[in-house]
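Okay, let me put the structure up and we'll go through some helix packing and then some ring pairs.

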Amino acid sequence: MKEIAIAYLKQNPIAHMDLLEGIRRGTSDIRMASSKGVLLQDQKSQVYLLSTEDPMFQDEAFRQIQGAQMVAAHQIESAQRAQELFGYRRCIHCRQAVYEGKRPLAIHSQVRFETLSLSFLPVLEQFYSGHADREYLQGRLEEGVMIGAFLGEYLVGFVGQHEEGSMGLLEVLPEYRGKGFGKALLAAAVNWQLERGQIPYSQIIDGNIKSYQLHQSMGFLITPQVSVYWLAEPAKEKGRIEK
């Protein structure tokens, strides 16, 4: 089944890098795979990752997905159908960005990098502007995957790795923005993943021009359109599919 899943996903490897890396890193379980599509489940976050253009494969996948708190669908049709069936209240549209280079990126900055300890949780809570609650941020710190950039003793920003393996959680503190620290942090995240034998990838919220331009300037390959639809917060009154 693994070979079948990889063969399907490699038809569009940039758009499917999250699924491919989940299989390659051994962090995702293959729930379904055929020439028509692939359904994975991330072991840590329990997120389902689905890619298919086949209605029958999609329907069978949704029978397994029902009740899931979060789903990453890779086609708009699947995202719309999941919202109809399960009442997901939140849908975030993302474009996938992949760094295919093998060598670490040069960092032209005076900042030093350190793995952040749990003592920085209040700072992350205060300044991170994305969708992440205290429990999630605490888990990332406890996992040891949050990197802080410092000028002397002052934290200027941070970046990390999401539960399912993508780079993200990047934030530069307000007083340090516009000085190139975001680029330095992204480079540090790339190098962190390269050191661990991973292919670095990010998911850029559609319309985030600054993030798109930053990734593009650093040599990332980016899907030309939305390639991941993150669905969350299912309605409790929905979610059963009869066979």
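So, α1 crosses α2 with a left-handed sense. Keep in mind that we're looking at a predicted model here. On α1, the residues making the contact are Lys2, Ala5, Ile6 and Leu9, and on α2 they're Leu19, Leu20 and Ile23. Sort those by class and you get six nonpolar, one charged and no polar residues. As for the geometry, α1 covers residues 2-9 and α2 covers residues 17-25, and the angle between them is about 155° with the axes 10 Å apart. Angles over 145 degrees count as roughly antiparallel, so that's what we call α1 and α2.

Okay, next helix pair: α3, residues 55-65, and α4, residues 76-86. Here the packing angle is about 45° and the axes are 11 Å apart. That makes α3 and α4 oblique to each other, and α3 passes α4 in a right-handed crossing. Who's touching whom? From α3 we have Gln58, Phe62 and Ile65, and they meet Glu77, Ser78, Arg81, Ala82, Leu85 and Phe86 of α4. By class, that contact comes out as five nonpolar, two polar and two charged residues.

Let me show you Phe120 with Phe150: edge-to-face, 5.9 Å centre to centre, with 75° between the planes. What I like is where they sit. Phe120 is in the loop between β6 (112-115) and α5 (121-127), Phe150 is in strand β7 (residues 146-151), and the pair links distant parts of the chain, 30 residues apart.

Now, buried or partly exposed, for Phe120? The cut-off for buried is under 20% relative accessible area, and Phe120 has 21%, so it counts as partly exposed. Phe150, on the other hand, is at 5%, so that one is buried.

Then there's Tyr176 with Phe181. Their ring centres are 6.2 Å apart and the planes are at 75°, so this pair is edge-to-face. Tyr176 is buried, at 16% relative accessible area, and Phe181 counts as buried too, at 10%.

That's my tour, happy to go back to any of those views.

Technical notes:
Residues are numbered from 1 along each chain as its sequence is written. This is a predicted model: local features need pLDDT of at least 70, side-chain atom pairs count only at pLDDT 80 or more; totals for chains, interfaces and linings use all residues. Side-chain values use heavy atoms; hydrogens and water are left out. Axes are lines fitted to C-alpha atoms, for helices over the stretch in contact, and angles run from 0 to 180 degrees between N-to-C directions. Helices (H or I, at least four residues) and strands (E, at least two) are DSSP runs, numbered from the N terminus. Angles under 35 degrees count as roughly parallel, over 145 as roughly antiparallel, 65 to 115 as roughly perpendicular and the rest as oblique. A crossing is left-handed if the near helix is turned anticlockwise from the far one by less than a right angle, and right-handed if clockwise. Contact means heavy atoms within 4.5 Å. Ala, Val, Leu, Ile, Met, Phe, Trp, Tyr, Cys and Pro count as nonpolar, Asp, Glu, Lys and Arg as charged, and the others, Gly among them, as polar. Rings of Phe, Tyr and Trp (its six-membered ring) pair if their centres lie within 6.5 Å; planes under 30 degrees apart count as stacked, over 60 as edge-to-face and the rest as tilted. Buried means under 20% relative accessible area, exposed over 50%, partly exposed in between (1.4 Å probe, protein chains only).
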